[in-house]
Structures are given as structure tokens and as C-alpha cells.
Amino acid sequence: MTGDHHRADGAPDEIPDVEPSLPDAVRARVTALAVDLFPGLGPDVLPAQLRRFAQFTPARRARLAGPTVVAQLAADPAFRERLAERAVEAAGPLGAAVAAGNPPGAADPVEVAALAYLARPARWTTLVEAASATVVAAAESEQVQAASRQVERLTEQLERVRVNAKADADKLRSDLAGVRAEADELRGRVRELAKALRDSEQDVRRLTDAVSTERGRVAAASSASDAEIRRLRTRLADAERELEVAKSASRAGRVTDETRLWLLLETIGNATQGLRRELAVAPPDTLPGDVVAASSAAAAGSRTKAGGQLWAAEEPARLDQLLALPRVHLVIDGYNVTKTGFPGLALEQQRTRLLAGLAGLAAQTNAEITVVFDGAGRLPAAPSSPRGVRVIFSPPGEIADEVIRRLVRAEPKGRPVVVVSSDKEVAEGIRRAGAYAVPSVVLVRRLDRA
């Protein structure tokens, strides 16, 4: 034992070479005892390092000043002794017993170790070590108890888990049995469905074959029907065309017949008046005196000059008389007239001049006027027909003379038809058909007079 300090019982203080290591509980209790006594210590007792903590609350002093207090107690024996005196006094009988080195066995080992550390009685290190061992043993016992309790809890949990696992296993086995039974049932149903599916596929193939066969029959029947429909439509179209042709022919024939009948009735209706006027006013070509004069002249060896004809054959008046006949039709051999009247002009100018003159003639009379030219195919464009004048160009392979003959033949018997042409063959032909023949020069003069 070394050192100059003394214990509370007056014996020299036991100073160890190395400060013992205090358990955490003992160190915390030492710090608590010290900071609780700060307010009662004067500035002369409290070290300078700890004075600033004296104004703090006990909890804050214990929290902030703890490490400094422990270090100061180990380094400042005088401060520890002053603090020990007050701690022993505050602890009462326990403090006195610890200071005497005889703490009661039932005392708190932490409190005993803390007071022994401060007061440091004889064998205080033994008391601290015993208390520390007791604290450690208590802590270890507590840890063992806690571990035992944890083991018990884990055992209980394990038992519960085992029971639950057993229950789950039993349930899973039951479910597995149910699933197996359901799987067996499903396998049976799958086999049945597979068989039904195979049967259905065979039925589908049979139906598909039947449908294909039926489609082929329908297609063949449809093709035959379409062909029959096309044939019937062709026959219907042919029948409609034939009907239309028949209707057209019937209409044309009826119109022609009606026209010819109307013209014939018109001619017959006015025949009496026209014939009377023709017979009453038409003077004879020659007078008896002229016949005599002519005979005389012949007998006298033409020494006597014959008198002129009152009605010369080439006088335009004769043409006017004919045009005055009711419903007369004047047919003109076009180029025969133009080449007679104005041969020095071109053909186009000849046609234009003749048509202009005929337009005036149509306006002056009620005659139906038709002019026929040769060769429509040789003209780039047919001239327009003036009002009241019908212009005809002979078709290829036919001359105007033939067209004129057909015009004459087309007229009904009894209707007056006057043909203007100097062609003798034409004149003879139309006279035999009952028409009047007038030379071309007569028409030329008649037009010049107009």
C-alpha cells in the first residue's frame, strides 16, 4: 500500500498501481453520486474542470460531466476524499458500513462498489471487485435468463411452427389427394373430350367434303344458268332488235302510205279545179291560123314567114302554169340546169347560184321542189339546203338520172310531177311515167326573170 492519503477510518489510503476497471453500472453510479453532490461543494473544493457543470440539471450534469468526473476522481485524491465524505454521509448506515469495510451482504452491490470506490476503506478494491463480479454475475445471470426466456420463446415459436407445419402438411396432403382425384377426373374428361374432338374433326372433314362437292355442283349449275341467261338475253336482244326493226319498218311504211294517201287525196280533191283551170286557161300551142300559115309556108316553099308560136315550148310561162297545179312536185336535174345556164362557173358556184334561185322560186310558189346532183361522195361537205328546197346527191354507184326516175316512180298516180332536164333519155322516161318534162333552159330563164 502506497500514498499519503487516509481513509475515512483514519488508516492510510490503499492506492493501487492501476485504477481498477469499473463495470458500467458502477461507473454510472459513481458519476451519479458525484454530480448529485456538486451543488453542496464549494468552489474551493470543486475542481476548475467541473465548475461549469455545477449549474446544470442533475440529468444534464450526469450526461455531460460523466467522463470528466471519472477522470478527475482518479487523478485528484483530495477531491475524491471530500466527495467521499459527503457521499458516505448521504448514504447513511450503508455509507458508514461501507466506510468501515463491512457492508451488509444484502446491500446493493452497485451501491456498495460505488461508495467503496469513493471512500476507499480497507480492502476497498476487494469490495469493488466483489461488487463488480456480483454485478457482472447478475448481468450474466440476467443475460442467461434472457437467453433462457428467448430459448423458451423460440421453443414455443418452434412448437407453434411445427404444429402449424404439421397442420399445413396435413392440409397439403389432403389438398394433394383432392388435386390428384381432380386430376384423375380431369384426365378422364380430357380423354373423353379428345375422343369427342377426333369425332368432331372427322365430322368436319366429312362436312367439308360434302360442302366442296355441293359447291362444285352449285358452281356448275350457276355456270349453266349464267350461260342459259346469256343465251336468253341474246335471244331477247335479237327479238327486241327485230321488233324494233319491224316497228320502224311498220312506222316508215305507215308514214309513207299515209303520206302517199294524203297526197293522193289532196290531188284528187283538187283535181277537178286544177284540171278545169288547166283546160280552161291553157291556150293551145298553135292557133288554127298558125296551122294554116305553116301549111302555107310549106306549100310556098317557105316564102311566107310563119307566125311565132303563142306558147313556145321553151317559154317560162309554161313552167309557171305547171307550177300552179295543186300539189305539184318540181324535180330538177341539177347539173343539167347549171351547165345549161351558167357553164362558165365552177361546180360549187353553179350549185350555189341554182339553189339561191330555187329558194326564191319556192317562196313564190307552193310547189314541192327537189334538186338532184350527181356524186355526193366526191364532195368534201354537202351544201346546206335553202328553205323549201330539197337537195339530193346521188349515192355512189348511182347517177342523178336514176334518182330522178325513182322520185317520179315514188309519187302516186295522178299527182302532177314536173321534171326539168334537157336529157332526152330522162325526158322520155318520165313522160312514160306520167310526169311533165321541161327543158333546162326554161327554168334558167324563169330564174333569170325572177
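Me: Are H5 and H7 parallel, perpendicular or oblique to each other?
Reply: Before we start, this is a predicted model, in which local features need pLDDT of at least 70, side-chain atom pairs count only at pLDDT 80 or more, and totals for chains, interfaces and linings use all residues. Residues are numbered from 1 along each chain as its sequence is written, and side-chain values use heavy atoms, with hydrogens and water left out. The axes of H5 and H7 cross at roughly 140° and come within 8 Å; axes are lines fitted to C-alpha atoms, for helices over the stretch in contact, with angles from 0 to 180 degrees between N-to-C directions. Angles under 35 degrees count as roughly parallel, over 145 as roughly antiparallel, 65 to 115 as roughly perpendicular and the rest as oblique, so H5 and H7 are oblique.

Me: How many nonpolar residues are in the contact of H5 with H7?
Reply: H5 brings Arg 80, Leu 83, Ala 84, Ala 87, Val 88 and Ala 91, while H7 brings Leu 115, Tyr 117, Leu 118 and Ala 119. Contact means heavy atoms within 4.5 Å. Ala, Val, Leu, Ile, Met, Phe, Trp, Tyr, Cys and Pro count as nonpolar, Asp, Glu, Lys and Arg as charged, and the others, Gly among them, as polar. That gives one charged residue, no polar ones, and a nonpolar count of nine.

Me: Is Gln 72 buried or exposed?
Reply: Gln 72 is found in helix H4. Leaving aside neighbours within four places in sequence, Gln 72 is in contact with Pro 47, Gln 49, Leu 50 and Phe 79. Its relative accessible area is 13%, so Gln 72 is buried.

Me: How are H11 and H15 set relative to each other, and which hand does their crossing have?
Reply: H11 (residues 334–341) and H15 (residues 440–449) have axes that come within 9 Å and cross at roughly 65°, so the two are roughly perpendicular. A crossing is left-handed if the near helix is turned anticlockwise from the far one by less than a right angle, and right-handed if clockwise. For H11 and H15 the crossing is right-handed.

Me: How many charged residues are in the contact of H12 with H15?
Reply: The axes of H12 (residues 347–364) and H15 cross at roughly 75° and come within 10 Å. Arg 353, Leu 354, Gly 357, Leu 358, Leu 361 and Gln 364 of H12 meet Leu 443, Arg 446, Leu 447 and Asp 448 of H15. Alongside five nonpolar and two polar residues, the charged count is three.

Me: How many helices and strands does the protein have?
Reply: Helices (H or I, at least four residues) and strands (E, at least two) are DSSP runs, numbered from the N terminus. By that rule, the protein has 15 helices and five strands.

How values were computed
Buried < 20%, exposed > 50% of the residue type's maximum accessible area, 1.4 Å probe, protein only.
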